[in-house]
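Please consult the sequence and the structure shown below while reading.

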Amino acid sequence: MARRLTEKKIVVASHNAGKVREINDLLRPFGLEAVSAGELNLPEPDETEDSFIGNALLKARAAATASGLPALSDDSGLAVDALDGAPGIHSARYAGPDRDFGFGMKRLNREMTESGRTERSARFICALALVWPDGDEAAFEGRVEGEIVWPPRGSSGFGYDPVFQPVGHTITFGEMNPDAKHAMSHRADAFRQLIAACLKD
Ligand code: IMP
């Protein structure tokens, strides 16, 4: 069984202000205050592992050790079956040095066409890791299944949302109201697991 989080202050192992804000919103109902690795000037480790959970643990371990606080981190991406799981853990880099997701989505469509494979199935994956300064750790992986559509549709959300249509829906994450996306997303799935294991009484 995973350890319960009893501390009231934690560090979010991310320098991404948007991610920290989203995580803070999710943690507030549990009376938790999250400070970011950026605010504490913690170094950002290189993501050298070959899995989402591996990279989430690596970031949380570094932040817990450097801050002396429990640390939470998230690592996420899009896995496309016709590309044997790519871009996967490289989803941010796949969009080029400027993180241009218009380019990233075109590249995805081009590589899927070039693969000669017809399946459109894909999933977003989100790993969450919680690491205590004494070395105890817990990790969870959430998913949402869907398919890649072309052309992109909608301007909500971020990243690859306009080309991802979740199973059972006729609109993409880019067309979906943000609350609807947040209720079914890979991040929501991972958070539900974290809350059940480490935060709920
Ligand atoms: P990370 O910040 O290293 O975890 O990179 C995650 C990357 O995966 C992001 O830059 C996006 O490209 C992609 N990604 C993760 N979650 C989502 C999502 O909910 N919608 C769209 N793209 C996502």
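Which element provides the largest share of the lining of the second largest pocket? That share comes from helix 6, with five residues. The structure is a predicted model, in which local features need pLDDT of at least 70 and side-chain atom pairs count only at pLDDT 80 or more, whereas totals for chains, interfaces and linings use all residues. Residues are numbered from 1 along each chain as its sequence is written, and side-chain values use heavy atoms, with hydrogens and water left out.

**Pockets**

A pocket is an open set of points on a 1 Å grid over the protein atoms alone, where a 1.4 Å probe fits and protein lies on both sides within 12 Å along at least five of seven lines; lining residues have an atom within 4 Å of a point. A volume is the space filled by probe spheres set on the points.

| Pocket | Volume | Largest contributor to the lining |
|---|---|---|
| Largest pocket | about 980 Å³ | strand 3, seven residues |
| Second largest pocket | about 210 Å³ | helix 6, five residues |

The lining of the largest pocket comprises 17 nonpolar, ten polar and 13 charged residues. Helix 1 (17-27), helix 2 (52-67), strand 3, helix 3 and helix 6 each contribute at least two residues to this lining. The second largest pocket is lined by residues including Glu22, Asp25, Phe30, His182, Arg187 and Ile195. Helix 1 and helix 6 are the elements that give two or more residues to that lining. By class, its residues divide into five nonpolar, two polar and four charged.

Two or more residues of the shell around the ligand come from each of strand 3 (71-80), helix 3 (91-94) and helix 6 (186-199). In total, 15 residues surround the ligand, the closest being Lys19, Phe101, Asp161, Lys181 and His186; a residue counts if one of its heavy atoms lies within 4 Å. Nonpolar, polar and charged classes each supply five residues to this shell.

Polar contacts are pairs of N or O atoms within 3.5 Å. A nitrogen atom of the ligand lies 3.2 Å from a backbone N or O atom of tyrosine 160. The side chain of histidine 186 places an N or O atom 3.1 Å from a ligand nitrogen atom, and an N or O atom in the side chain of arginine 187 is 3.1 Å from a nitrogen atom of the ligand. The protein covers 88% of the 490 Å² of accessible area that the ligand has on its own, as given by the Shrake-Rupley method with a 1.4 Å probe.

Technical notes. A polar contact is a pair of N or O atoms within 3.5 Å; within protein, one must be able to donate a hydrogen and the other to accept it, and residues adjacent in sequence count only if both atoms are side-chain atoms. Helices (H or I, at least four residues) and strands (E, at least two) are DSSP runs, numbered from the N terminus. Ala, Val, Leu, Ile, Met, Phe, Trp, Tyr, Cys and Pro count as nonpolar, Asp, Glu, Lys and Arg as charged, and the others, Gly among them, as polar.
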